[in-house]
Amino acid sequence: MYDWLNEALTDDEAQVVTANRRLARTLGVAYGERQIASGILAWRSPLIFAWRDWQSALLDSVDVDDTLPARISDYQARVLWERCLKDVIDDPFLNYGNLARQCRDTWQRLHEWCVPLKHAEDAAKGPDQGLFVRAASQYEEYLNARQWVDNATLPNLLIQFAQQGLLKAPRQVTLAGFDRLSPQVEELCAALKSKGTRIVRHQAARRGVAELRRFESPDAELRAAGAWARAQLSEDSSQQIAIVVGQLEQSAERSGALLREGFSPGWQYAPPRIAAALNVSYGARLADYPAVSIALLALRWLYSDLRSADISLLLRSPYLGMTPTTGRSLLELKLRELPDQFWTPEQLVFALQRRELAAEAEDWLARFGRLRDSLSAAANRMQPSRWAELLDTVLRTLNWPGDTPLGSADFQLDNRWRDLLNEFSRLELVSPQMGGAEAVARLASMAAEALFQPESEGAAVSVLGPLEAAGLEFDKVWMTGLTAEEWPASSRPLPLLARELQVTHDMPDATPDETARFARRVFDRVRSSASQCVISYPSTIGDAEQVPSALVDDLRVSERDCTRDGDPGWHAMSLRERMSVVEASDRVPAVAPDEQLTGGAGTIQRQSSEPFSAFAFGRLGVRSIAPFTTGIAANVRGNLVHDALFHLYTGKPSQRDLLSWTEAERETRIKKALRQAFQRYERHADALLFNLLALEEARTAQLLRRVLQIDAERPPFTVASVEASTQARVGDIQLHLRCDRIDRAADGSLIILDYKTGVKKKFLTRDMPREWQLVVYATLPQEAVGALALFNVDSRETFIDGAGPALQETQDWDVRLQEWKATVLDLATQIARGDVRLNGRLSSRDAAPLALLSRIAELDRDN
């Protein structure tokens with residue numbers, strides 16, 4: 001392969017210019033291998049450049065007395081474009097960053113096709129195109145006034161220097177991998193040619209055997225391509241195999257997973273090198289890598305308060321602070337108990353600080369407690385280079401990227417981040433000073449624009465997009481997705497240039513015909529890149545039927561692959577066919593005499609409806625993780641009402657005491673109870689949460705008044721206990737119990753109350769309790785129980801619902817209560833014996849929280 005390379009590099013002055021850096025690297029490696037094969041042990045580095053790097057080399061060869069114009073990068077150009085846009089339009093709702101990228105691309109296209117800005121101005125239609133022309137005029141003035149050139153105008157400068165004989169013209173230049181040459185490239189080549197440079201354009205000449213295959217779906221197509229690559233390497237492991245995937249940039253991760261399903265079945269649980277054997281050559285945006293995303297989030301906290309969900313990520317991330325993260329995860333659970341709000345680092349540390357914390361949790365709080373200390377010595381506005389140093393120092397203080405030793409990919413990512421900081425520092429040319437918040441936002445936007453993919457060693461198969469494969473040669477190649485819908489794709493002319501102007505100058509995607517011609521060139525080039533080419537397409541995508549592209553009209557579908565013959569299917573399905581389910585004899589042990597169950601009376605309640613749930617929560621200690629919700633979460637609102645009622649009744653007043661309170665005294669007691677309940681949330685609340693808590697406090701005050709009114713209308717009673725905790729033995733299990741409230745009726749019997757602050761609930765359904773917790777509490781006291789009741793406390797309706805003579809006339813109360821107690825003891829016995837039955841009648845929604853442990857969906861399917 002690359003037999004033309006020796007002829008292209010006949011001497012030390014001959015150069016090869018490629019359309020992209022991947023091809024330049026590949027040609028450099030191929031040249032070295034040829035030297036070694038020829039017995040040459042040392043040689044000059046060949047002059048192989050990617051297009052932009054070649055421009056830099058030409059500029060370095062310019063021999064002039066005057067200072068050369070400064071070259072600005074794409075990042076610097078974007079800053080300049082944003083400034084120009086803000087000069088010509090002031091719109092707080094405009095996304096200047098996205099519009100600046102569009103303007104930069106349009107400016108690039110104008111220069112590549114040698115179209116003066118005046119022509120764009122004359123042809124402009126509509127406000128968007130007019131906006132671009134005005135901003136571009138400003139941008140051009142900036143460049144000229146400061147003697148700057150960007151990547152769009154640099155070739156024009158090189159053309160001028162070449163025509164004047166001021167740059168060193170190479171003896172020969174070979175262009176490789178260019179699917180189309182823009183007029184700007186052709187002008188530069190013509191200027192060099194006029195000074196004696198021989199220009200050669202390399203075109204792939206091979207056109208081997210091609211075969212067309214059809215598959216049921218894109219998934220089947222990609223799995224089949226992976227299996228084909230594996231078969232080819234099994235025949236000859238030295239072959240260069242490639243799979244070219246259309247629209248790879250939109251589905252790189254999914255495409256890679258499907259290809260690996262066919263190439264290395266079971267790759268998910270194999271060593272990483274197995275997955276790396278198939279190299280998907282399309283990087284993700286730098287900001288999408290978890291380590292960089294966490295770094296940017298931590299830096300954002302320097303100037304912007306963060307919500308609880310964002311802080312949750314920082315707490316659980318292995319890229320910050322000490323490892324392990326166990327103690328920090330426990331701290332994160334504490335955070336979920338607090339209302340969601342915007343936090344400063346100082347507020348968060350104050351809210352989460354406890355007497356006994358794991359070392360890694362203490363370390364995390366200490367690091368973030370000092371997060372903003374470094375800003376005290378920093379000026380409000382500084383040079384980007386100073387900000388780069390400060391932000392790097394902050395990340396080091398946070399121990400980013402963590403304690404874990406860096407692997408090859410991690411090391412490359414860390415280096416790419418350092419490069420980005422250096423590129424950020426160079427913004428000083430176009431933005432001498434900026435504020436801290438602007439600096440962090442600018443760095444984040446640069447990371448969101450930069451693509452990065454770590455280089456992998458030992459890849460046996462290359463997976464590329466059609467454009468990235470430009471100029472590359474392989475032994476065998478498979479090209480996927482050749483449907484009429486995708487090849488050619490719909491034309492997408494630039495929105496900021498008049499369509500007529502683009503058509504006149506035959507710009508890319510100006511017309512459907514131009515798009516089709518370009519698709520044909522790309523297709524022919526990929527097809528000619530190997531001696532054997534498989535071309536495929538899916539017969540359906542979703543519910544839509546597909547037909548092959550007109551580009552493959554000269555090929556007939558291979559009949560043997562019109563079915564599933566080439567698709568190996570899912571690896572997991574093959575395991576199911578080969579394996580049998582064996583029932584393990586490892587049963588859940590009985591409850592040990594000293595075993596302490598968690599969940600209190602709620603564990604008995606769970607046993608009544610779903611034994612496995614009682615086992616998971618009561619014996620395994622499983623807990624549902626509360627989601628972060630906007631505003632005050634329902635569980636927090638319930639806790640506030642419970643706390644306020646506790647403080648209101650903590651003095652154990654009698655009904656007579658309640659009736660003796662004057663209105664002023666009642667309001668004073670209510671206000672005091674509310675203060676005691678709400679103050680722990682208010683002391684670290686932001687402004688918005690503080691206002692929400694004020695509204696919630698007013699709502700809770702109304703609820704307390706309603707509770708007092710209902711208690712005043714009941715038969716006489718005295719509060720006997722409020723939230724009394726006890727360790728109790730219920731049947732054969734030990735539980736920690738806490739009852740919301742117990743009243744003593746006039747006859748001395750007990751009234752056991754349980755507050756309900758959500759949807760209203762009834763105690764009995766068809767004469768049987770729905771809430772067995774109350775019956776659990778009734779099993780403990782030696783005294784007579786006169787009533788069991790739910791005290792529904794809600795804005796919609798506040799009322800008591802229960803059973804027992806102390807509340808209302810109830811027939812056969814003692815008999816019924818004894819039957820209920822016996823049921824509770826039976827439930828406790830079931831738990832003690834290790835009962836883990838599943839309730840198959842539960843809805844999928846109710847079963848979902850424990851479905852991963854219970855495997856109820858799999859059991860239902862198998863049965």
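**Reading the terms on a predicted model**

Mentor: Let's start with C739, which counts as buried at 6% relative accessibility. This is a predicted model, where local features need pLDDT of at least 70 and side-chain atom pairs count only at pLDDT 80 or more, while totals for chains, interfaces and linings use all residues. Residues are numbered from 1 along each chain as its sequence is written, and side-chain values use heavy atoms, with hydrogens and water left out.

Trainee: What makes C739 count as buried?

Mentor: Buried means under 20% relative accessible area, exposed means over 50%, and partly exposed lies in between (1.4 Å probe, protein chains only). C739 has 6%, so the residue counts as buried.

Trainee: Then why is C114 called partly exposed?

Mentor: Its relative accessible area is 31%, so C114 falls in the in-between class.

Trainee: How do you know that C114 is in no disulfide?

Mentor: A disulfide is a pair of cysteine sulfur atoms within 2.5 Å. The nearest cysteine sulfur to that of C114 belongs to C189 and is 12 Å away, and the structure holds 0 disulfides.

Trainee: What makes the buried residues of α16 line one face of the helix?

Mentor: Helices (H or I, at least four residues) and strands (E, at least two) are DSSP runs, numbered from the N terminus. In α16, residues 345–352, the buried ones are P345, L348, V349, A351 and L352. Seen down the axis, they fall within an arc of 165°, so they line one face; the arc is that of the directions from the helix axis to the C-beta atoms.

Trainee: And what do these buried residues of α16 pack against?

Mentor: They pack against α14, α15, β12 and α17, where contact means heavy atoms within 4.5 Å.

Trainee: How do you know that β8 and β17 pair?

Mentor: Two strands pair if DSSP finds at least two bridges between them. Here 5 bridges join β8 (241–245) to β17 (476–480), so the two strands are paired. They run parallel, and I241 stands opposite K476 in β17.

Trainee: Why is one side of β7 and of β9 left without a neighbour in the sheet?

Mentor: The 6 strands form an open, parallel sheet in the order β7-β18-β17-β8-β16-β9. β7 and β9 stand at the edges with a single partner strand each, so one side of each has no neighbour in the sheet.

Trainee: Last one: why is D506 called partly exposed?

Mentor: D506 has 42% relative accessibility, so this residue, too, counts as partly exposed. D506 lies in the loop between α21 and α22 and has a positive phi of about 50° although it is not a glycine.
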